[in-house]
Every structure is written in structure tokens, then in C-alpha cells.
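This report is meant for a reader who is meeting this structure for the first time. Please look over the sequence and the model before reading on.

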Amino acid sequence: MEEIDSLYDNLPEEERIISTILRELIRETIPDCREKISWGAPFYYGRKSICFVWPASIPWGRLTSGVALGFTRGRELDHEGFLQFGDRKIIGRHIFISPEEIDVEQIVRLLQSASALDKK
């Protein structure tokens, strides 16, 4: 946990604010998830990987700005066009440039669905 706290603490301010909000939403919505650094970013696990928070300042994430909230089984979620897939077959993500863009209700719904999918 210290490693993840340190990662969040050392992010640029705007990324830290967005990432912290997303982290809290994940932890409140899926309280039994495990948090782990994978590929240099925070990932959240149930039985398997459920989602991740990827700030642009983490290398090799293909982001130039903002913070991505990604779902490892995004194609299986009813996301109403919220997630982008690019060239990925399964993983979907949404990129937040500012904290004001965070739609709490929509994110909580997706997190609940992703957690339920993980338990199947």
C-alpha cells in the first residue's frame, strides 16, 4: 500500500486529484478489491483484474494528458459509449482531463458491473 500511496503522492497536482477521486470511488464501490501496482500503474483486483487508474505521467501508457480509468473486461460492460477501445479488443478506458469531468454515478455503475462480472 505504501508503494501505491507514494505513486499517488508524487503525481502532478491535476493528475493526483483525478487519480485520488477515482481511487476513492473504486475503494468505496468495491471495498473487497485488492490494490496492486502492475505495469507501473495502480490496478484493482477481485478474482482477476477489474480496473486500473493510469495517469499520463506514468510512461508507456499512450496518454499525453489526464488520467485513464480502464476496465479490463470493458467490452463486456454496458458502458453506453463511455469507454473508448482504440485498437484494443477487450480493455476499455475513459480519459479524464479535469476532476469536473468525473461522472460519479456512471463510474459507480460501471464499477459495480465490473465487480459483478469478476465474481462470475
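## Salt bridges in the model

The structure is a predicted model, and a search through the whole of it finds four salt bridges.

Arg-23 and Asp-5 form a salt bridge in which the closest N and O atoms are 2.9 Å apart. This pair links distant parts of the chain, since Arg-23 belongs to helix H2, which covers residues 13–29, while Asp-5 belongs to helix H1, which covers residues 2–9, and the two are 18 residues apart. Is Arg-23 buried or exposed? Arg-23 has a relative accessibility of 7%, and because buried means under 20%, it counts as buried.

## Lys-119 and Asp-32

A further salt bridge brings together the side chains of Lys-119 and Asp-32, with 4.0 Å from N to O. Lys-119 lies in the segment that follows helix H3 (104–118), and Asp-32 lies in the loop between H2 and strand S1 (34–38), so this pair ties together parts that are 87 residues apart in sequence. Both partners count as exposed, because a relative accessible area over 50% is what that word requires, and Lys-119 has 52% while Asp-32 has 53%.

## Glu-76, Arg-73 and the shared partners

Glu-76 and Arg-73 also form a salt bridge, and their closest N and O atoms are 2.9 Å apart. Glu-76 counts as partly exposed at 47% relative accessibility, and Arg-73 counts as partly exposed at 32%.

## Gly-46 in its loop

Where does Gly-46 lie? Gly-46 is found in the loop between strand S2, residues 41–45, and strand S3, residues 49–55. With a relative accessible area of 21%, Gly-46 is partly exposed, because the buried class is kept for values under 20%.

Once the neighbours within four places in sequence are left aside, Gly-46 is in contact with Arg-34 and Asp-118. Gly-46 and Ile-30 are 16 residues apart in sequence, and their C-alpha atoms are 8.6 Å apart in space.

Terms used. Residues numbered from 1 in each chain as written. Predicted model: local features only at pLDDT ≥ 70, side-chain atom pairs only at ≥ 80, totals over all residues. Heavy atoms only, no water. Helix = DSSP H or I, 4+ residues; strand = E, 2+ residues; numbered from the N terminus. Buried < 20%, exposed > 50% of the residue type's maximum accessible area, 1.4 Å probe, protein only. Contact = heavy atoms within 4.5 Å.
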